[in-house]
Structure formats: structure tokens, C-alpha cells
Amino acid sequence: MKDNKKQYWKGLEELKNDPEFVKYADKEFPEYLPINNRSTEGDEAVGSSRRDFLKLMGFGVAAASLAACEAPIRKAIPYLNKPVDVDPGVANYYASAYVQGGDYCSVVVKTREGRPIKIEGNKLSKISQGGVSAQVEASVLSLYDDERLKHPYINGEKATWQDVDKEVIGKLNSVSGTGGKISIVSNTVLSPSTKAVVEEFKAKFSNVEHVIYDTYSALGIRKANEATFGKAIVPSYDFSKAQVIASFGADFLGTWISPIEFTKQYSKTRKISKGNAKMSRHYQFESNLSLTGANADYRSPTKPSQEGLAVAQLYNLIAAKAGVSGSAVKIDGVQHLEKAANDLWASRGKSLVVSGSNDSAVQAVVNGINQLLGNYGSTIDIDLPVNYRQGDDTQMNTFVESLKQGGVAAVIFLGSNPVYNHPKGGEIASALEKAKLKLSTASTMDETAALCDIVAPDHHYLESWNDASPRSGTYSLVQPVIRPLFDTRQAQESLLIWAGNNTEYYEYLRNYWNTNFYANQSSQIGFQSFWDKTLHDGIYEHKASVDTTDADDTVSSSDETVADISQAFAQIQKNYKADNTGIELALYQKVAIGDGSQANNPWLQEMPDPVTKATWDNYLTISQAMAAELGVAQKEGDTNLVNLTVGGQSYEVPVVIQPGQAKGTVGLALGYGRKNAGKVANEIGLDAYPFVTTLNGSISYNMSEGVTVEATGKSYQVARTQTHQTIMGRTILQEAYLPEYEKNPSAGRSFPKIATSTGKKSPYDVTLWKGHKYENHHWGLVVDLNSCTGCSACTISCQAENNVPVVGKEEVLNRREMHWIRIDRYYSSPEGASEYKDLEKAADNPEVTFQPMMCQHCNNAPCETVCPVAATTHSSEGLNQMTYNRCIGTRYCANNCPYKVRRFNWFKYHDNRQFADVNTSMNNNLGKMVLNPDVTVRSRGVMEKCSFCVQRIQAGKLEAKKEGRRPQDGEIDVACASSCPADALVFGDMNDPKSKISQMLKLDKTENGVKVGEERAYHVLEEISVKPNVSYLTKIRNKDVADKEA
Amino acid sequence: MIKRKNNALVPYLLSYPLLIIYLTFLTLFASQANVYAQEGDSGISTDPAIIAQGKTMFEENCRACHAVDRKVVGPALKEVYNRKDLAWITAFVQNSQKVIESGDQYAVDLYNEYNKTVMTPFPFLKDEDVAAIVAYIKDQTENAAVAEVAEGGEGAEVAAADEGSIPSNYLTAILVGLLIVLILILAVLGLIISVLTKYLREKKDLDEIDREVVEQKFGLEKVLKSPGFLGIVVFIFTAIVVKTIIDGLYTVGVQQGYAPTQPIAFSHEIHAGQYEIDCNYCHTGVTKSKNANIPSANICMNCHSAIKTESEEIKKIYAALDYDVATNQYGPNQKPIEWVRVHNLPDLAYFNHSQHVNVGGIECQTCHGPIEEMAVVRQYSNLTMGWCIDCHRKTDVNTVGNEYYDKLVELHDSKDALKVKDIGGLECSKCHY
């Protein structure tokens, strides 16, 4: 029955059949259900006493008498002057742009009664193309962070803006008068008008320096491009044109440079159909198993110390084909490297080699490879630079040195937090007191702001006017969607005031756009209409500048001669080793937490990491071999602490045994260990920024020497969701290799048959049920496993849309996370591996599959039949409805759900002090502003699950009815699908033959029901014939069949 | 005329007399229009179609500030066509400020007379639209007397309508009559029995058994103590108690009849009833939003910047807006008005006004009752789920001219019209999510 002979597992616990895992796997809920006393296991807390009885009785009496009273008086407070555009109960949408350091995403913000509640992607943007990431989705909750600064501070005391201005201007004048140096320290500034403001500030005071650093530096690329092309820029990459992709440690789908944009492009090359059985082939060489590595067709675990050599070797291999001389720098034994070289060469001009290294030598060789392959002008556009990473590590180092020597008289931290997120943060912290004026515009009292005399808090981006230029010729406006919540002031406005310019920043911005952009365009007549159009669309593209840069093509874009990179090879020879024996530490950013600037966002903290499935923690990822060596054991929920020694300093860190981790390496995430982020994030995990080193003149996130790991024998719990809701070894993933698919479009599909008295039949032909008739709509969802990258933007989007609570680490450990859509990450071992030894080996570098799993809205739903109170029922539009007010919490439905997608409210998560520090969106008045008013906040004791965003369906239908028409396809979309940057989820009406979903599934209505024509489409667990309305498309890997056997 | 009853039939009953009144009006107007149809002079049409058109436009655009026979915010429009010619009126309606700025003496005087209240410009009203409105005004002016007659007619109709509801009184009378008849019959029967007993007692030739029957005393005590009687009494008692408890439980949280005192004594009776201001004029969200919206104070000020400026209640609005009547200026110390919510649905129920009013075409009164007669708003319906469901079972879907429903109507094979319940109106997730 199992057509696919691979074995899938979610975690090593499952692979090894750990007794602890088996114990939990059978049970929907853990045996031990601590409710009274959640953290201690003492006997005293268990059982009820006479006192409890009295308390309960007292409560009962009180409740009964309360119920008898009249309902409390509720007030209705209308506007005094209703704004024309705001109708209570009707959502408004405003285009804006998410800008966080150099990260950019064009967004549309949904507001209700004047408060933003949800971020959607802006489909008009050619960069993010309607996609968003988990961080972007979660940013709306950061707006309502109660720990944002509510007013300015002078020396830690509350102050007024007048006092701040007086103080700052006075100090700046005195510093400037004596010729002292003023440094403005910021992350990458995407906004051209902000740069103009800084220029204005520079003009006013004599000795001003603008220092830019990035929390994750890409200086190596810029230096390499300067060496190769004479332009210190980051080029734009186009993965959609690449048939073969080789990435050396660049996590371009997760965190590298512009992941949303790259995911959009990449996913276009992963869409596959019968007529068009073409997809890109992706090689990944990396040490930690990253999100990108998990999506690669061929992944080779490589140590950081070998990375340079591997790149050099690839150069040699390609140079040999091109007939160019290679170099003497080489390495043998890197898996798949030759294969990659062959494939790259075969699709020259349509391939792409990228590296996440910040070493300019490595990047120079990567440039060389791309030149040999003729990729410039097709997949890389050196003439269309992007602005995401402008940081200059050298400049920052000079600043730190100068600060230490007292050479900086005044320092303004423009939204940056180098004390935390710069490797020299400690040095900056201790040297800061030497400056006469220390000022931060941070919006929280972060690590840097806490050391400043003056804190002039900036608005949140959703309260600000701003602009952004993600790449040359493309501009975005940022507009406020809510009045500033607190007494904060836009940092640009502060700078203008201090520079003696009293123009409001809004006016300044308009003037800037009027002079710089309006004049250069001709499509709009009149500045106001140009401004309105840009504000409405959220983006403005300056076509002329985009085109002309192509025209004055002076650099060697099409030039095949490769720049001299012998210098680079020499450096690589010096800095990299093929046979380093010591443990190497590879630092990385997590998809959710990133550089840690949004760490105080509980949605992001609780989002399971796409790969490790861990929440609320930082941990050392180690390989199985190392775990065995150290004697570290990892059981269900339990792991060990180890002593990590870096540069002589020791730290205790929990470990997570990570399949696919390169042997001899350990991985640790940045962005944790915040001290001043806020209640949610403070002291979670270890801060890895101090481990960042310098290599070849720029920051390096890898340490090849001086790293030791020792077991401590102490145990520790990391809250991981990976083995929660397990599949019990059933065939729920169906996949094939591309050559198989080319031969047979239904390759990899499983067609279960069940025995009946009249022979074997398809389970769908045998049924007890009468089935449902869908006359109006029939909603369905298709999940393309081949496109899904596992980025988890959908999880957060769903959380924001449906008021899903955050439960905290403790409760995740109790297997009670509440996410309605989870991304199951499966490892798989090759076919034929049945021996334990083989499996063990397979776990060293397994294939990875991501499977988004949400309520399948079964037509023969097992949950519906067992509910004793009919709280879960079927609708006439194919939805499996969950009625909270009817639910009495028997949990029978969850027990009977084959997909384990139902979530039970073990606690009242709202207005409950116990969860005040984790579930901030439901426990303080400010946080509650983010809640979607159309969705009920569930209370304790009720079941909940994915509703197919029924509120959106109802709203969409109503809109159509008001206009007297049928809803158009795409008009009604669920939150997960609308946020997906890979377009892996498609939602629609299966009754509408013109809808995208009908065409994707090739639905054909016959007399015996609807037939699915698409060969790749399958339902999970078809054998139990629950007939879900969610279909999956098989995963196709672009691998040779020969690679199938281990 | 209206007894408060706890069923949704009342509005239907109500609508009959209203319908009659309306029809009467129509007939009267039609006949009057016919009489004057030939008299068209001074370019003002007397075509009933145009007058009807003018009426609609008058009600949509003008009635908020103008009436024909009395001063409201703006002047009474009676005989306006005699005061100024149509061209002038058109210009003034389309943009009054322009006319005033042009120095037109009449316009300037008017502007000053009305406290420099700017009349909203109506640039979208075309010349013929204004002409139609003027035609309607002329019709109204000249037919005022007739209208008065019509009002009298209305009174008569109301009386007639009152009579229409009398049968329920008849019913009581009949019942009482029947009861009296019953008692009379009982008395007669008793009389016959006593006469018969007396007669039998005097007879001597009765046997033992018959005598015993005749001699038998009517023992009330015995009846009271009989198990049958006790059983019945206990059963009735228990049934009443259980019914009361269940009814009581069903009304927990039901606030039917709830009529809290509001911070400002706003009367729907005056606004919606007497002045017939359209509900939409103030409740702006009712056709586009889930909320009908409690009107914002600026809507009140459309009229009350000029009307009843001395009223204590209106002064509360001024206080909220920090408005100075003398200078027509709004100050900075504005404070929102905290109305008391009358209709409170639980958070778990989703209700959308626009679905019912805009798509369903339901009258406000269907759920809110005779709101135009309420000086203080009270919760008219009980707003329980049973009440919602009941209506969804009975109500036909308003499918006419709405393409959304075309296919559903086609597929609906029953003889009955398409009800809300037939398209999923009873499903949980239509209201609970």
C-alpha cells in the first residue's frame, strides 16, 4: 500500500523510537496535566482540600447571584467628528512599507476604527510582490508593545520635548563650537529623504560623521564587487531566471539580504506541471541546516573553514570547462561539488552562485564563477544595485576606536542598538561615557538607550511618514496608519529641529519628493496627484533611471574576461583549511527572531523555528556524531546543557541534536540574550553577538578556532513542537524525483485500496456517508509541497488574523501550543535503508520536506460525528465549523481528528496574569488593540481550530452581494494563503470552474461527483476516506534517480 | 393602538394601517396632480412623474434642512418660485456661496438672516433636477389645503385602523359571554339535580342501593383527598414551576424592553416620527457596515447649529463639541458623548446591519420596532438566538435583481420561495466565528 518506500520522521526521538516519544505519540494529551500548579510537581498542589471546596462553593453562590443581576451598563461612544473615510465596522487598507534596518517589505495595512490590526503584502510591489515574512507579519504587534517608550528621557528622568531640544541643541552647539566630532550611528538607511535630513544635519554642524553598520554584515559582497567591477554595491539577484542555483551558506530563503523577494523568485522555478516539467536544481553547501538548505535538492554539509576552499574548487572545476586556468587552491571530497559544476556549466547564463560569506575573497571568487558562467546580465544585475546592506564594518571599527580614545564628543544612535547587536557592543558600552552627548532615538529602552543621557524615542513605522528605496529606481512611501500612541517624535523630525530646520518631516518629505521624483516623471500631472498615486500604490518606480543604467553598461556585465582574483585565492589559501580538527562555531539568524530587534514580540518567540521546531530559546545545534562523542542525550522535551567555550569565555547552553549539521561544527543563533528588550524577551537564550569575529577585514560569523564544547550532565528543557501531533508512521507525504515525474506525472503518489466483498476498491468508493451537496460555494485549499519553503509567515499571519493566543514556553513543553496552522518538518531517509545503522547514517544529512498542516475541512469529518453537543458541524459551503459557544470541552473531536489539528484552550489566555508576560496581545489594553474584532477571543475549556478564515469568506460574500454579483476569484482569500511568499497555498471556490484552484486541481464535474484531474494532487490519509477539502501537490525533488539509493 | 406583544407579528400588523395611509395619500396626490396637469406655467412642470421625481430628490437632499411650510435650518420653501426665478434657484442650489459672492442682494440678505449658515452645495443636481424639486414644492404649496384634508383622512384611517384591532376585544367579550353561559348552565344543572334529589327522597319505593346513592352527601373533603385529585394538583403545580423556571432561565441576559436613560434626551419620536428624517441620514453605517453607527455629533450639528439652540439638551451637544453658539466656533476641549448601549449582542455573535438592510432589504422596524414612536429607545425584540433563527426560517431571501443569488434560485427546486434557511442561514458559522 505504501508506494513510497522512504521512511519519514519528525525528530530523532521518532527515528530511534525513543520510549518517551512512543509514550506521548499514542496520546493526544500528555498524561500529566498540571493545571493548579504549572511549574512545580509537588504533591501539595494536587488534589483538592476542604478549603478548595469552600472556595468553589463560594464562587458558585457568587456566580449564581451575579447571573441573576441585570447585565452591566455598556457604553457606546461615537466619534464627535467622524472622519469621512472611517466607518466603524468597515476595514480600511493603506499601503506602506515595512522597514527595519535594511530589511524591506512593501505592505498593505488593514485598519479597523483607526487601528492597524493586520499586515498584508502589497501585490503592486515588484520586489516583495505581495509576499511577507513572519517578522513583517508580527511587526503590527510590536506597535502595541506596552514597553515602548512613552515619552522622552533626560538622564533617565521623564522630560518634555522642549527640554530635550534645548538640552540637545545646547550640547551640540558647545561640541560643535570646540570642533568636537559628532557621530550619527545607524543601521542601513533605506530612506533617501532621511539621508537628506542627515546631510542637512551635517551642514549645520561642522564635524559630523554618519556611521552605518549592519546587524548582519554584507560588506564582503560590496568589497568584492568593488574589486571586480569598481562598484561597492550589492547587486540585484534574480533567482527566477536561474535553472541551477549553488549557494555556499547563503540562507537566501530565510535571512540573507532580501528573503521575501528571493522566495518569490525561487518559488517561480519550483512550480511544476505536466506540460512544464521543468524546475530549478538547487545545491547548498553549508554547516548549519538552514531553511534554504532544507529546500535544496542536493545539500552538502560543509565546515565554515572549508567554505572558501569549496568555492575555489568550484571555480577550478568551471574554469577547466571554460578553458581558463584555475588556481592551485583546492579541496577534495566536498560532496556534489563536481555535479554542481557540471550542472552550472550546462546552464551557463541561466545559473546563479551565491555565498553568504562576508569574506571579500570568497565573494570575489564567487564573482569570478558567475562571470565564467556568464550570469551577469541575466541572473545578477550589477547595474541595478540594491540598498539593503550599506553597513561598513571598517567605518564602525574606526568609530569604536575613536570613541574609546575620547575622539567622539557627541553620538546619536539613530534607531540603532550597537551595544547589543554589534560584536564590539561591550567596548562601546564601556567607552560611551567618554562622549559628552549620548543620545538614542530607540523606541524602547534597549541596551544602548539605557546608557544614553537622552532618549528621544522615535515613532513605530506604522505611526511614521517615511520613504524607502530598496533598490535604485524603486521607491516606497511609508505612511502613518494610526496617530502616535505615545509622546514620541519621529527621529527625522528631531534631527531637523536640532539642525535648526523647523519644517515638519511630512512637509520635508513632500518637498523632497517634489524636487527629486516628481520632476523626473511624466505619468502624473500635478504633484498632488503624483503624491496621492504613490501613497495609494505604496510604490513608485522611476523607469527612466532603471532603464538608463542598463544603457550605460560600462562594466563588464557581458564581458567574459574575469577580473584578476589571484589575490583572493591567496587569501583563501591562507584563511581556510581543508582539515581543521577543532570544533567550529557557525552563527546564524533565525527566521523569526532575526537580529533580535523584534525579540520582544511573543508571536515571533513562540513561532517554531522552521528547522529545529524549537520555541522560546537559543541552543547549540550539534551533529549526532558530536552528541555521541560528548555523551549528550536528547529525549522527548529533555536535553542537556553543555559548556560552550569561545575565546576563553565559557557559557552554558542547551544543545539540540540537529540532523544535517556538518560534522565538527556547532550552530548558534544571534538575536537572543537581550537584556533590555522587555518582559517577553529579556534573558531568553544566550547572546551570540560577542562571538562574532573579524576575518579578512570584515565581520565573520564563523569561528574556526578556540571553540570547545563540554558536556555538563545537567538537563534542560527546550520547548520543541517537532514531535507534537505526530503521524504515527502513516503515509502522509508523497514525493518523487523529477526524472520519475517526467515519465509519470503521478509518480510518488500513493493509491490506497481497501478490501471489500467485491474486491479491492478505492476508499472513496466505499462510504457510509451520504455526502454533501454544495450548491453555492465549495471552499478548498491547495498546498503545493514543492513550493512551500517552510518560512512560517502563514503561521504568524493566521495568528494575527484569528486572535490565536501565545501560551509561553512552559505550555509549549506541555504540548499545548495553539497555532492553527503548523508547518510539519519531516526528515526522510533514502529508500532501502531499513537497518538502524543506515537510518542513523541517513540522519547525518537527511532530505527535508515541509508540510503545512491545518484543519483539512473533511467532508466526512470524524470530529463532527463524535461531538456530543454538535458544536462542530458541516456547512453548506464545505467548511467544518467550530462553534465556541456551544463547545463544552469534551475533547472527543481532537481525539478523533486524524490530522491532529484541533487545539484546546487549557487556560483562559486572555486577561490572565499568568500569561500577561507572554500573551501580551490579550492581557493589556494596549496589546488588545491588535485583536481582530470580527473573531471571538476564545475562553478556557473550548476547542478551536482553523476556520478557513470564515470571517473573510463572509465579508467577501457580503461585499459581492451588496454589489449584486458573484464573488470574483482571489477576492476571498485566507490569511495563510494571502501572506505566502512562495504562493504555495491557493484558496478558492471549487464550484467556480474559472477559479485558480479549480484549474490547478483540474476539477471535472461528472455525474458521480467531482473528479480531480491533477496527477500530483492528493489528500492526506486517503485510506480513511474522510475526503478533505485541502489537497496537497506532491513534492518533486530535482535529483537524479541514481541518487535515490543511499 | 399598539399593545406590546412579544412576537414579531406586531410590525406586520402595524404595516397594514400604514399601507392604507400610504395608499390613501397616493390616490389623493394622483388625483390632485391630474387636476392641475394642464396648468403648467412659469416653466414649472406639473407632470406627476416629475413631481414624484422631485419628491424623491427633495427627501434625499433637502429635507434635512428645509420644509415647505415652515422654517427649519433654512427658510420655508413655500412659494419660492414666486420669490425668485428658476435660474436663480438653480444657481443657488448648486453653489449658494457663488451666488452670495457675486453680490446678489437677495442672496446676501438671506445669508445674513440665517446667521451665515452655509448651505451645502449640490453641484450634482442638474438643472432639470432642481426644476423637478421646485415642481414638487409648487405642488406642495398649492396643495397644502388638500394635504390638510389628507391629514384629516389620515386621522380617519387611524381610527379605522384602531377598529381593525378590536376583534381581540370581541374575543374577550365572547369568552366572557361563554363563561357566563357555562356558569348559567351549571346553575341550571345544579337546580335540576337538587329538585330531582328532593323528589327521589320523597319516594319510598327505592331499594337500599338507590337510597344510598340518593342519600349520599357531597363530600368535598373526600374529593380533595382522593389520589386522583392530588395527582392532578401535584402535576399541575410541578408543571407550572418547571415552566416558570425554564422561562426564567431563558430570559437570563435577555434585555427586552431595556430602555436606559441616555445622557442626552434624544427622541426618535420627534426626529424619525414627526420630522420623518430618514434613518440613513444619521445612522450612516447601516447599509455599508456591520454597525449602524450611533451618529457622530457633527451630524447633529448639521441642523442643530441653527435649530433649538437654546434647548438644554442641545447645549449638551455644544458642550461635548466645545461649540460656541455666538461665534460659531469649535473649541479644543471636546469630550465624546457616552451613550448607553441599548442593544447588546454577546461578543460571540456576529451581526451585520448591511447584510440585513442593504442586501436583505429589511426595514429597521422589523427588529427595532416602532422606533419612530419611541421618545426613549427601548430594546424591542428579545435578540435571542431563537428569535434570529425563527426569522431566518421564515424570511424569503431578497433575490430579485441580485446576481449573487441567481444560481441558487435556479437550483432551488421547492415550490416555496427561497428562504434564508435554504442557503445556510441556520449554520453556526454564519454568525459564530
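Here is a short tour of a predicted model with chains A and B, one selection at a time.

**Stop 1: two helical stretches in chain B.** Select residues 170-196 of chain B. This stretch is 100% helix and 0% strand, with its end C-alpha atoms 38 Å apart. Now pick residues 227-246 of chain B: again you'll see 100% helix and 0% strand, and here the end C-alpha atoms are 28 Å apart. An unreviewed UniProt entry lists both stretches under "transmembrane region".

**Stop 2: where the chains meet.** Show both chains together. Here, 45 residues of chain B are in contact with 40 residues of chain A. On the chain B side, click through the elements that give two or more residues: helices H15 (297-304), H16 (312-321), H17 (353-359) and H20 (406-411), plus strand E3 (339-340). Which of them gives the largest share? That's H17(B), with four residues. Colour this side of chain B by residue type and you get 19 nonpolar, 19 polar and seven charged.

Stop 3: Zoom in on Trp339(B) in E3(B), and you'll find Ala76(A) standing opposite.

**Stop 4: inside chain A.** Colour domain 1 (7-25 + 725-768 + 777-1041) and domain 3 (219-388 + 559-566) of chain A. Their centres, taken over C-alpha atoms, are 35 Å apart. The contact takes 20 residues from domain 1 and 21 residues from domain 3. On the domain 1 side, helix H23 (738-743) and strand E46 (1035-1037) each supply at least two residues, and H23(A) gives the most, with three. That side divides into nine nonpolar, six polar and five charged residues.

Note on methods:
Residues numbered from 1 in each chain as written. Chains lettered and ligands numbered in written order. Predicted model: local features only at pLDDT ≥ 70, side-chain atom pairs only at ≥ 80, totals over all residues. UniProt positions renumbered as here; feature names shortened; annotations may be inferred. Contact = placed C-beta atoms within 7 Å. Nonpolar A, V, L, I, M, F, W, Y, C, P; charged D, E, K, R; others polar. Pairing = 2+ DSSP bridges. Domains from an automatic or database assignment.
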